[in-house]
Structures are given as C-alpha cells and as structure tokens.
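Subject: Structure handover

Hello,

Here is the structure I promised to pass on. Please open it first, then read my notes below.

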Amino acid sequence: MKETVLTRDYGTPARSSAIQVSLEVDGIKVTVPAGTSVMRAAAESGINIPKLCATDSIEAFGSCRLCLVEIEGRRGYPASCTTIVEDGMKVRTQSGKLQSLRKGVMELYISDHPLDCLTCPANGDCELQDMAGVVGLRDVRYGMDGANHLADKKDESNPYFTYDPAKCIVCNRCVRVCEETQGTFALTVSGRGFASRITAGQNDAFMESECVSCGACVQACPTATLQEKSVIWLGQGEHSVVTTCAYCGVGCALKAEMKGDQVVRMVPYKDGKANEGHACVKGRFAWGYATHCDRITTPMIRNAITEAWREVSWDDALAFAASEFKRIQAKYGCDSIGGIVSSRCTNEEGYLVQKLVRAAFGNNNVDTCARVCHSPTGYGLKHTLGESAGTQTFKSVERADVIMVIGANPTDGHPVFASRLKKRLRQGAKLIVIDPRRIDLVKSPHVRAACHLQLRPGTNVAVLNALAHVIVVEGLLDEAFIAARCEDMAFNTWRQFVSQPENAPEATEAISGVPARLLREAARTYAAGGNAAIYYGLGVTEHAQGTTAVMAIANLAMATGNVGREGVGVNPLRGQNNVQGSCDIGAFPHELAGYRHVGDAATRALFEEAWGVELQSEPGLRIPNMFDAALDGSFRGLYCQGEDIVQSDPNTQHVAAALSAMECVVVQDIFFNETAKYAHVLLPGSSFLEKDGTFTNAERRISRVRKVMPPLAGYADWEVTMQLARRLGCDMQYSHPSEIMEEIARLTPSFRGVSYEKLDRLGSIQWPCNEEAAEGTSIMHIDQFVRGKGRFAVTRFIPTTEKVTRKYPLILTTGRILSQYNVGAQTRRTENVRWHLEDRLEIHPHDAEDRGIRDGDWVGIESRAGSTVLRASLSDRLQPGVVYTTFHFPGSGANVITTDNSDWATNCPEYKVTAVQVLPVAHASDWQQEYARFSDTQTRLMEARSPRVEKVR
Ligand code: SF4
Ligand code: SF4
Ligand code: SF4
Ligand code: FES
C-alpha cells in the first residue's frame with residue numbers, strides 16, 4: 001500500500017530562544033524554548049490538547065476555548081494556546097471539569113453546523129468532526145432549530161475553492177493566515193457575536209476581492225467552509241507524495257495528495273525549507289495542465305514543415321532524429337547541430353542533454369534559457385564573489401533590517417518569497433525599491449517602501465554607481481570588512497572610480513530620472529541601516545549592461561560588509577523552476593558542470609575519462625549564435641528539450657527564420673508549442689508529475705521531484721535523451737535518475753556530497769555539498785569569498801544604443817503577472833486564465849491622452865524590430881514615457897518588438913528596453929496576421945496527422 005506523508009500540527013508556532021524552560025504536562029517532563037505555548041509543549045511531549053482556532057502556522061488567537069487546561073496553583077481554566085510555559089509549571093490536560101467545559105463548547109458549535117458529515121467533502125479530514133469525537137460529544141442540548149447560519153449562500157466564484165459560510169465556525173484562522181502568512185489582508189470578520197461572518201474584501205465575492213488565490217486560508221480552515229473544488233469533485237486522496245513545484249525559482253515543496261495516479265490536491269509541505277507550508281495560486285492550484293487534453297502523447301515526424309505530421313513509434317521517431325543528425329553532420333560538419341537544455345526539466349535531464357551534445361554530437365553547442373534571463377548573474381557574481389549563485393536562504397530575509405529589491409516584482413514573480421519578505425517588512429525592516437514601475441511592494445497593506453527609485457529603464461548601472469558614490473564619499477564603507485575580505489588593488493581602483501563627480505547622484509539624476517535626494521537617502525539607508533540584503537531579478541540582468549549591473553550590486557554588498565551572514569547578501573530571484581540547476585549542471589556552451597570552463601584541460605580530462613570520448617576545448621554556440629549560424633547555413637539541426645524559443649527569445653522573426661532554415665528540428669515538449677510548429681520531429685515530453693529527479697531553486701537548494709503518475713507517453717524525458725544518445729553511439733546506461741545524480745556528484749566538486757539517499761533524509765540540500773559541507777551550505781562566503789578575496793569591479797555606465805527618438809518616443813519594458821508563468825504554455829491551460837486572459841499594454845494616462853487612447857482600446861506598438869497590437873490598460877504605476885507588457889500569450893508578439901541588443905558579456909537579450917511608438921489601430925499587425933495564418937496552417941497539419949501505421953524508410 002502506498003504511503004501518506006503525515007504532517008503534525010503543534011497548535012502554535014515554534015519559538016527559538018537560548019533560554020530553555022522545563023515543565024510537566026500530565027506528569028510528563030518536557031523542556032522547550034522560552035516563549036513556547038503550553039499547547040505546543042504538550043504536543044512536543046506527545047499530548048494533543050483539543051483545539052479549533054489554533055494551528056501552528058499562525059500566532060494563537062484564543063477564541064474557541066476548546067483548549068482549556070488546568071495549571072497547578074492557578075485559578076480557572078486558561079487556554080493552552082495563549083498561555084506561555086513557565087519553569088516548573090504543572091499542567092493537566094484531562095479532567096472531568098475540562099471534559100465538560102469542552103463538550104459545552106462543542107455543543108454550541110455543532111448546534112449551528114449542518115449535520116451532513118457523510119456527504120461533506122471534508123468527511124474524515126475535518127477538525128470539527130475530530131474534536132466532536134475527541135470530547136465525546138453525543139448530543140446537542142440546544143437542538144438544531146435555533147437561530148443559525150445554515151441557509152447562508154455559498155460563494156463559488158473562485159475557480160479553485162468554495163466558501164460555504166453555513167459551515168463556518170468563525171475561528172478566524174483564515175483571516176489570520178491571509179494576514180500573517182500571505183500578507184494580503186483580503187479577509188475580515190464582519191458583524192459581531194452571532195452575526196459574525198468571514199467576508200472577502202468589502203463583502204465581495206472572492207473573485208472580486210483582493211484575494212490572490214494563494215489557498216492558505218483553504219489549508220488553514222478546520223472545516224469544509226473553505227474547500228478545494230478538486231476535493232469536492234474527486235474526494236480525498238488515499239496516499240501522498242512530496243515533490244517540488246515546477247513553476248518558479250522559489251521551489252516550493254508540495255505534497256501531492258493522490259487517488260491512484262490522479263492528483264486530488266496539492267498541499268504546500270510544512271517541512272519544505274523554501275516555503276515552510278505556503279504556496280501560490282500556480283503551485284497549489286494550477287497543476288491541471290499536466291493531464292490537459294492538449295498533451296502530446298505520441299511521437300511524430302515529418303520531412304518538411306509544410307507536411308502533415310505522421311504518428312510513429314518511439315523507435316521510429318528516435319531512429320529518424322538520429323539519422324537526420326548524422327546526415328547533417330556528415331554533410332555540414334560536426335558543429336552543424338546543437339541542443340537546448342530546459343530549465344523546466346530536472347537537473348538529471350539537463351545533464352543528459354548537455355552530455356548528449358558534448359559526447360554524442362561531439363561539440364559544445366549546448367545552451368539553456370538562462371541565456372535569456374540570468375546568464376549575467378552567473379558571470380557577474382563569479383567575477384566578483386567567485387560563485388555563480390545567490391548567497392542566502394530565503395529564510396535569511398527574516399534577519400534583514402534593510403531590503404533592497406531591484407528590477408524584480410516578487411509579489412507576481414516569486415510570490416511565496418514575497419510573502420516572507422512582506423512579513424519582515426511588517427516587523428519593521430526598511431524597503432528600497434529600484435524599479436521603473438510602482439510595483440505592489442511599493443505600497444501594499446501594511447507595507448510602504450522607504451524609498452522608491454523610479455528610474456528610467458536602462459539606467460540601473462548609473463543608479464547603482466550613484467548609491468556607491470554616496471557610500472564612499474560619505475564614509476559609509478565597512479573599511480574593516482573590505483581590508484580583511486577584499487582585494488586591495490581592485491577596491492582602490494573602484495573607490496576612485498565611483499568617487500568621480502560623474503557618479504554623484506546630482507550628476508546621474510539627469511540620466512536616470514531619480515532625484516539626487518532620494519538616491520542619497522537610499523544609499524544611507526542601505527549602508528547604515530543594519531543587515532542589508534539585495535534581491536534582484538530580470539530587471540537587472542536583461543539589459544545591454546546586465547552583467548555590469550550584477551557586478552555593481554556585488555560591489556555595494558562588499559563595500560558595506562553585507563555578505564557572509566544571515567540577513568544580508570546578494571540574491572538573484574531566478575525565474576524558472578530549475579534555471580539555477582540547468583546552469584549548475586553544465587548547460588552553457590563554455591562550461592562543464594560546476595561552472596568549469598571547457599578550456600580547462602584537467603576538467604575536460606575528468607569528463608573524457610568518465611564518458612569515454614574526446615571533448616572539444618573551445619566553447620560552442622550560444623543560442624543567438626545558433627540562430628545566426630542557421631541563417632548563414634552552417635547550423636542545420638537542433639534538439640530542443642522543453643523550451644519554447646520561438647515565444648521566449650527576442651526578435652521572433654529572426655528566431656522563426658533561423659528555425660525555418662534548419663533541416664532537422666527535434667522538439668521534445670508536453671505541448672505542441674510555438675517552436676514545434678517549425679519542427680520535424682516531435683517527441684512527447686513528461687510533466688514534473690511523471691518523473692523522478694531534482695530541481696535547484698534560487699537558494700541553490702536541490703529538492704526532489706517525485707513521480708506520482710506514469711509518463712503519459714511512456715517515457716520520462718531523461719529516458720528519451722538516453723535512447724537518442726545510444727542511437728548516436730553514446731553509451732548512456734542509467735536505470736534511474738539517482739544514477740545520473742551519482743555521476744554529477746562524482747564529477748562536480750560542489751555536488752560531491754549530494755545523493756538521493758541524503759536528499760530523502762534531509763529533505764533538501766543547498767550546494768556546495770561536499771567533504772567540507774556534508775549537509776550543504778546555507779549561507780555562502782562566510783569567512784572568505786569562494787574566490788578567496790572579493791573583487792570589486794569598475795562598472796562604468798554606458799547608455800544602451802536603444803534610444804528614444806521622435807519616431808520611437810516611448811520605452812517598452814516587460815514583466816510577468818502572478819497567475820501566468822513564462823510563455824504561458826502551462827498556466828494558459830488552467831483556470832488561471834480567469835485572472836489574465838490576454839497580455840495588455842500598460843500606458844500612463846498622460847501618454848494615452850496625447851495619443852487619444854482610452855482604456856481597452858487596441859493599440860499598435862512599433863519598434864525598430866517589428867510591430868504588434870495589444871489592448872491598452874491605462875495605469876499610473878508607470879512614469880510617463882514608459883510602457884509595459886507581459887509576454888504570456890504567443891499571439892501578443894511581445895518578442896516581435898524586442899530587439900536583438902544584448903548584454904556585452906553573456907548575450908542576454910535587452911528585453912527591458914525597447915524604444916517604441918504606440919498609436920491607436922483598428923486591426924492586428926502584419927506579424928500577427930502572418931502568425932495567425934502560419935499557426936492555423938500548422939494546427940491543420942497537426943490535426944491532419946496520419947495515425948501510426950507506416951514504417952520509416
Ligand atoms: S472560513 Fe474556516 S478558517 Fe475561516 S473562520 Fe470559518 S471555519 Fe474558520
Ligand atoms: S486565498 Fe490567500 S489571498 Fe485569498 S483570502 Fe485566502 S489566504 Fe487570502
Ligand atoms: S511561489 Fe513559485 S515555487 Fe512556490 S508555489 Fe508559487 S510558483 Fe510554485
Ligand atoms: S485552540 Fe486555544 S482557544 Fe482555540
């Protein structure tokens with residue numbers, strides 16, 4: 001029989017204290033940290049005190065009076081959830097009097113509760129039902145006919161959960177969890193006494209309120225009042241498996257509750273260190289895409305993209321792909337093909353794809369989507385600190401006094417981290433936001449940014465240099481830290497550089513648009529406000545100077561001594577679930593696993609011996625180079641696993657032309673995505689529910705992905721890559737992904753101590769994990785930097801060549817929205833579309849008025865690269881002169897207008913700065929019309945596919 005992963009509720013949160021307190025509960029001695037509740041102390045000694053309003057994710061409230069206890073020497077019956085332990089305390093949790101008091105409480109609750117337990121979706125998973133049993137309730141003296149709420153109307157507006165007020169016991173857990181854990185403050189208790197009811201917003205339906213559908217209240221509700229619709233439809237799970245969310249780089253641990261191989265619900269896992277029992281609308285609810293009818297479940301091939309597809313066996317599809325790759329290499333040379341590693345796939349799968357390219361293709365033409373997001377992080381942090389990764393745990397934010405968020409929008413992009421961050425801000429930490437938009441964090445319930453530096457897109461480096469200037473000139477440097485931990489010469493050069501008048505806030509004001517006064521205030525707050533932590537995102541990296549900005553951030557942290565302990569650090573917020581992992585395992589053309597250059601003979605020798613092949617010593621092609629080479633005729637074949645480059649990469653027309661020029665494009669994906677429309681071989685992919693493996697989140701945390709259902713098409717992605725490699729003469733032999741991890745660990749110093757056994761034992765591991773750090777490393781650079789001494793970098797501001805002109809007077813910048821994810825392939829196939837059904841162009845009312853644009857109008861957005869048409873949303877979150885859009889829908893063509901400008905060091909595209917003109921229009925752009933035609937044709941060719949009968953020649 002399959003197991004259920006049990007999680008225990010201790011009633012109130014754990015406390016940490018140097019002072020330990022000993023007491024007796026029902027004669028059992030227990031020692032707990034000072035500040036612990038009697039309820040928790042009892043639970044830790046194995047005694048469960050009845051409770052309803054308490055749960056250990058939120059502070060005690062003391063409203064239900066079910067948890068009463070007797071304490072020797074005290075009068076009355078205190079609530080154990082709100083009573084704090086004292087040394088020598090003697091507590092009794094059971095007595096005749098307590099029994100009768102608890103029964104009385106339960107009678108009152110049950111007299112106003114429907115008696116439909118047998119047909120209730122929570123039957124067997126209801127704390128009210130459990131407590132009725134625990135206190136021995138047998139009848140209700142007050143009967144069921146008095147005033148009650150049994151006829152209250154259900155709210156079914158949310159696609160994922162219902163609110164049935166008839167079942168509500170007004171325990172307030174939902175309200176508190178929405179405030180304390182999620183930080184949205186969407187719920188209140190309206191009315192008093194008997195009339196008390198839980199209401200969303202201003203007595204709105206949930207969907208009309210501020211609720212962001214994180215589901216925390218559903219999880220906290222002890223009854224079926226707030227209940228997942230999936231449980232109402234399917235019933236409760238009979239076993240559960242802990243796995244990791246496949247959406248963003250937070251990497252939340254989720255408990256998949258299952259009925260056979262059907263997911264019933266996802267419950268955030270309390271012991272998951274990245275999320276500690278919380279999740280967002282994507283991870284908790286948006287998993288239905290995995291079994292969507294659009295899933296590709298049969299391999300397909302065709303000779304040209306003008307032909308209809310033919311369904312074939314796996315053998316035939318793989319044989320076709322292998323023979324095409326061999327043919328192309330024979331004709332055009334070894335370097336004429338390459339592969340793309342997916343940051344949505346597991347570490348083990350990414351590792352196999354890069355191994356396939358290096359060992360079977362015989363070149364280094366492998367790259368990953370980090371190229372278009374965080375490659376500057378890798379380069380910039382490696383250069384300055386010595387390691388291409390963030391320095392902290394997410395939990396570390398709880399110790400930060402000042403939090404600087406640059407070019408990131410955590411409430412939409414990294415929601416569970418945002419909740420932790422907001423909690424710290426509510427406790428009094430100061431917030432500095434550097435962003436062209438007034439993101440939610442700037443002003444949200446009980447959160448106000450101390451400074452919002454609303455800079456012009458493309459001027460991050462000028463702003464960061466101005467902050468550094470103030471720190472140096474006003475004597476705010478941590479001289480002792482710098483002397484002990486950083487390279488002298490590089491520091492002095494940097495100090496001289498940032499001290500120059502051109503970097504003074506008064507000089508950069510004209511460049512960035514940020515008032516000098518605000519820049520000075522922010523610099524002083526960051527440098528002198530205690531522990532200061534920086535969190536940044538793609539608003540830093542996706543620029544022509546992305547790498548420079550990352551180095552400028554590292555400079556700030558080193559200059560103020562904010563590295564190497566809790567509450568500080570430099571923290572890239574990674575976009576996709578496994579983008580950290582795909583970089584770690586060697587998916588870049590210049591690096592083998594563990595960020596070791598392919599030019600290093602010793603590293604190459606290690607892999608050559610393990611793989612039994614000779615490796616090229618020169619870096620291979622980056623993704624944009626592959627496209628250029630395709631158009632010049634030297635690159636002819638691509639294996640693309642789990643990425644939709646046509647939608648996600650800049651300058652869509654260029655990408656499409658490059659793919660059209662190739663002779664064999666192999667796409668491995670769960671859906672017929674935009675890139676697949678240019679493919680010759682379609683290999684069905686497997687979702688995160690269908691395979692074992694690991695993901696590595698933005699904290700460097702390696703977590704297990706566990707298979708809960710068989711792959712819909714028969715094979716997990718790693719098995720498919722392995723079979724393709726064998727057909728190309730590379731003898732890959734693995735019977736389980738744990739063996740792939742063993743190989744990664746054997747060949748990669750920072751992974752040396754990682755194994756599935758250890759992951760199962762510890763739950764997750766932050767690399768480096770090796771001889772020096774057997775259980776991993778939560779905080780990096782503690783006593784010294786990974787590279788020895790920290791290296792300051794001179795970060796001169798060089799304006800982007802993408803300039804506004806009379807023809808293109810506005811700057812377009814892009815970002816994400818909470819309910820959608822990346823190219824939207826997954827979330828567009830869930831009920832999340834109810835929140836975001838189309839990408840829109842946000843435009844400031846002044847710019848809109850100048851152009852005669854009203855909210856909802858269709859507008860044409862034209863750049864030097866192309867044009868597209870979206871509907872306008874008027875918003876003063878932007879400054880005049882800046883427009884903004886998301887990029888979750890293929891027909892929006894956000895990347896038709898982004899240019900092919902890119903970061904000087906890594907080629908990361910400059911998505912965040914495109915000069916555009918916006919004008920009202922009446923019809924779709926030329927590109928959109930062409931896209932619609934091409935897409936319709938491809939859909940027809942897919943629908944006209946011939947079933948699996950014919951043999952491949
Ligand atoms: S909805 Fe649930 S959690 Fe909220 S007060 Fe009612 S019973 Fe308690
Ligand atoms: S789903 Fe989340 S945001 Fe919405 S009311 Fe519940 S806790 Fe608050
Ligand atoms: S915050 Fe990210 S990892 Fe966590 S549930 Fe949401 S999408 Fe998944
Ligand atoms: S659990 Fe203590 S008062 Fe409700």
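This is a predicted model: local features need pLDDT of at least 70, side-chain atom pairs count only at pLDDT 80 or more; totals for chains, interfaces and linings use all residues.

Helix α25 spans residues 717-727, and eight of its eleven residues are buried, so the rest of the structure largely encloses it. Those buried residues are D717, W718, V720, T721, M722, Q723, L724 and A725. After α25 comes G729, which has a positive phi, near 90 degrees.

Next, a single residue. T652 sits in helix α24, which covers residues 652-661. Is T652 buried or exposed? Its relative accessibility is 7%, and buried means under 20%, so T652 counts as buried. A polar atom of the T652 side chain lies 3.4 Å from the backbone nitrogen of V896. Beyond its neighbours within four places in sequence, T652 is in contact with V646, N895, V896 and W927.

Now the empty space. Rolling a probe the size of a water molecule over the atoms shows where such space is left. A search of the whole structure turns up eight cavities of 30 Å³ or more.

The largest cavity has a volume of about 690 Å³. It is lined by 44 residues, and L538, E542, T814, G815 and K912 are the closest to its centre. Which elements each supply at least two residues of this lining? They are α11 (410-413), α18 (538-541), α23 (645-648) and β31 (810-815). By class, the lining of the largest cavity holds 16 nonpolar, 19 polar and nine charged residues.

The second largest cavity has a volume of about 210 Å³. Its lining has 19 residues; R344, C345, I670, S686 and S687 are the closest to the centre. That lining divides into eight nonpolar, seven polar and four charged residues.

Of its 39 lining residues, V212, D412, D440, I817 and L818 are the closest to its centre. At least two lining residues come from each of α11, α12, β32 (840-843) and β35 (882-886). Helix α12 gives the most to this lining, with five residues. The lining of the second largest pocket has 16 nonpolar, 13 polar and ten charged residues.

Last, two of the ligand sites. Ligand 2 is surrounded by 13 residues, and the closest are C178, C211, C214, G215 and C217. Helices α4 (173-182) and α5 (216-220) each supply at least two residues of that shell. How many charged residues are in the shell around ligand 2? There are no charged residues; the shell has nine nonpolar and four polar ones.

Around ligand 3 are C245, Y247, C248, V250, G251, C252, A279, C280, K282, G283, P415 and V416. The elements that give two or more residues to this shell are α7 (281-285) and α12 (415-426). The shell around ligand 3 has nine nonpolar residues, two polar and one charged.

Best wishes

Definitions and conventions. Residues are numbered from 1 along each chain as its sequence is written. Chains are lettered from A and ligands numbered from 1 in the order in which they are written. Side-chain values use heavy atoms; hydrogens and water are left out. A residue is near a molecule or strand if one of its heavy atoms lies within 4 Å of it. Helices (H or I, at least four residues) and strands (E, at least two) are DSSP runs, numbered from the N terminus. Ala, Val, Leu, Ile, Met, Phe, Trp, Tyr, Cys and Pro count as nonpolar, Asp, Glu, Lys and Arg as charged, and the others, Gly among them, as polar. On a 1 Å grid over the protein atoms alone, a cavity is a set of points where a 1.4 Å probe fits but cannot get out, and a pocket is an open set with protein on both sides within 12 Å along at least five of seven lines; lining residues have an atom within 4 Å of a point. Grid points are joined across faces, edges and corners, and a volume is the space filled by probe spheres set on the points. Buried means under 20% relative accessible area, exposed over 50%, partly exposed in between (1.4 Å probe, protein chains only). A polar contact is a pair of N or O atoms within 3.5 Å; within protein, one must be able to donate a hydrogen and the other to accept it, and residues adjacent in sequence count only if both atoms are side-chain atoms. Contact means heavy atoms within 4.5 Å.
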